[in-house]
Amino acid sequence: MMIFQYEFMLRALVGALVIGLAAPALGIYLVQRRMSLIGDGVGHVALTGVGIGLLLNTSPVLTAVIVSAVGAVAIELVRERGRTSGDLALALLFYGGIAGGVMLVGLSANSSNATLMSYLFGALTTTSPEDLVVIVVVAVVVLAAMLGLRPALFAISHDEEYARVSGLPVRALNLLLAATTAVTVTIAMRTVGLLLISALMVIPVATAQQFSRGFRSTMAAAMTLGLVAAAVGIWLAGTANTAPGATIVVVSIAGFLLVALGGAGWRSLRRRTGPAGADGPVEPAGAPESVLEQTAPLVGPGR
């Protein structure tokens, strides 16, 4: 733990922990909506905002927030239309975003390959106190929204028609999720990078789904796993001198594999040693606040 005697490592740890907590809290809704990869797409668009900021000699974070928010809203509107050409429109938006970003970063006077790599894959150890304040404040806002609006957000994620009939403002909530995704991706570019933040949104949720059943318990488990992956990843990165963002994601993937393999081994053991039908029906874990959260099945990232 000697690495945490340095202030820059403490800032890196705090920044990683708040993102590790906020990203799965948002990601569980994206997984439920079968939009696990939207973080990648928004990250591509945010890179154009970074390029604009560098080119105009303004704050790359501010321009990235604006551009990624516009891109996320556009993605949501395309998804809402539900037409066959939606995938093509999204692909054009994603690829155009990263191509435009790389081009604009290259045109800016103060850019370099190191600058581009720091935004793509994170530069957590160079986080300034001002950056840390922004990350913490925005992460707290994201957490407050995801936890405070949980019943309504779950309703639209599980069944939009049901939510609409129930009188919920479906479009406003969808746009809120899109904008929140954009903001989370943008602040996370200083921690895990634009190309890796989607992993931190999805992998802890996928891991939690291996052993949790209720929505609320899965959300709590995913946030806990995000915290653990962030803390262990920062410690390993400082000890082994590896990239912090990539190390956090590798730790998350290792956790998923351990839980998945352990669960498969446990189920195999129970089938061999237990009586027939020992598993029985699985009741939802926890005590969700609504009947819908208690009875609705959770959707996996790949299903």
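**Entry 1: α1 against α11**

I started with a helix pair and saw that α1 passes α11 in a right-handed crossing. Keep in mind that this is a predicted model. I looked up the geometry next: the axes of α1 and α11 are 8 Å apart, and the packing angle is about 155°. Angles over 145 degrees count as roughly antiparallel, and α1 and α11 are therefore roughly antiparallel to each other.

Which residues make this contact? On the α1 side I listed M9, A12, L13, A16, L17, G20, L21, P24, A25, I28 and Y29. They meet F215, T218, M219, A222, M223, G226, L227, A230, A231, I234 and G238 in α11. Sorted by class, the contact of α1 with α11 comes to 18 nonpolar and four polar residues, with no charged ones.

**Entry 2: α1 against α6**

I then turned to the pairing of α1 (residues 7-32) with α6 (residues 129-148). Their axes come within 9 Å and cross at roughly 25°. The cut-off for roughly parallel is under 35 degrees, and α1 and α6 are therefore roughly parallel to each other. As for handedness, α1 passes α6 in a left-handed crossing.

From α1, I noted R11, V14, G15, V18, I19, L21, A22, A25, L26 and Y29 in this contact. Their partners in α6 are P129, L132, I135, V136, A139, V142, L143 and M146. I sorted the residues of the α1 contact with α6 too, and they divide into 16 nonpolar, one polar and one charged.

**Entry 3: the aromatic rings**

How many aromatic pairs does the structure hold? I found two. One of the ring pairs is Y29 with F215: the ring centres are 5.7 Å apart and the planes sit at 45°, so I logged this pair as tilted. Y29 belongs to helix α1 and F215 to helix α11 (residues 215-240), so the pair ties together parts that are 186 residues apart in sequence. Are these two residues buried or exposed? Both Y29 and F215 are buried.

I also checked for a cluster, and ring pairs do link Y29, F154 and F215 into one.

**Entry 4: from α11 to α12**

I looked at the loop between α11 and α12 and found N241 there. Its phi is near 60°, a positive value in a residue other than glycine. N241 counts as exposed, at 71% relative accessibility.

T247 lies in helix α12 (residues 244-273). Is T247 buried or exposed? T247 is buried, and its relative accessible area is 10%. Leaving aside neighbours within four places in sequence, I found T247 in contact with G233, L236, A237 and T242.

**Entry 5: two spot checks**

My spot check in helix α2 (residues 38-55) was G51. At 0% relative accessibility, G51 counts as buried. Not counting residues up to four places away in sequence, G51 touches G101, L104 and V105. I also looked up M103: the C-alpha atoms of G51 and M103 are separated by 7.6 Å, while the two residues are 52 residues apart along the chain.

For helix α9 (residues 170-188) I picked L175. L175 counts as partly exposed, at 27% relative accessibility. With residues up to four places away in sequence not counted, L175 touches V73, E76 and L77. L175 and E76 are 99 residues apart in sequence, yet 6.8 Å apart in space, C-alpha to C-alpha.

**Entry 6: the whole chain**

Last, I stepped back to the overall picture. I counted 13 helices and zero strands in the secondary structure of the protein. Of the 303 residues, 48% count as buried. What share of the contacts with a separation of 6 or more comes from residues 24 or more positions apart? That share is 76%.

Conventions. Residues numbered from 1 in each chain as written. Predicted model: local features only at pLDDT ≥ 70, side-chain atom pairs only at ≥ 80, totals over all residues. Heavy atoms only, no water. Axes fitted to C-alpha atoms, helices over the stretch in contact; angles between N-to-C directions. Helix = DSSP H or I, 4+ residues; strand = E, 2+ residues; numbered from the N terminus. Parallel < 35°, antiparallel > 145°, perpendicular 65-115°, else oblique. Left-handed = near helix turned anticlockwise from the far one by under 90°. Contact = heavy atoms within 4.5 Å. Nonpolar A, V, L, I, M, F, W, Y, C, P; charged D, E, K, R; others polar. Phe/Tyr/Trp six-rings, centres within 6.5 Å; stacked < 30°, edge-to-face > 60°. Buried < 20%, exposed > 50% of the residue type's maximum accessible area, 1.4 Å probe, protein only.
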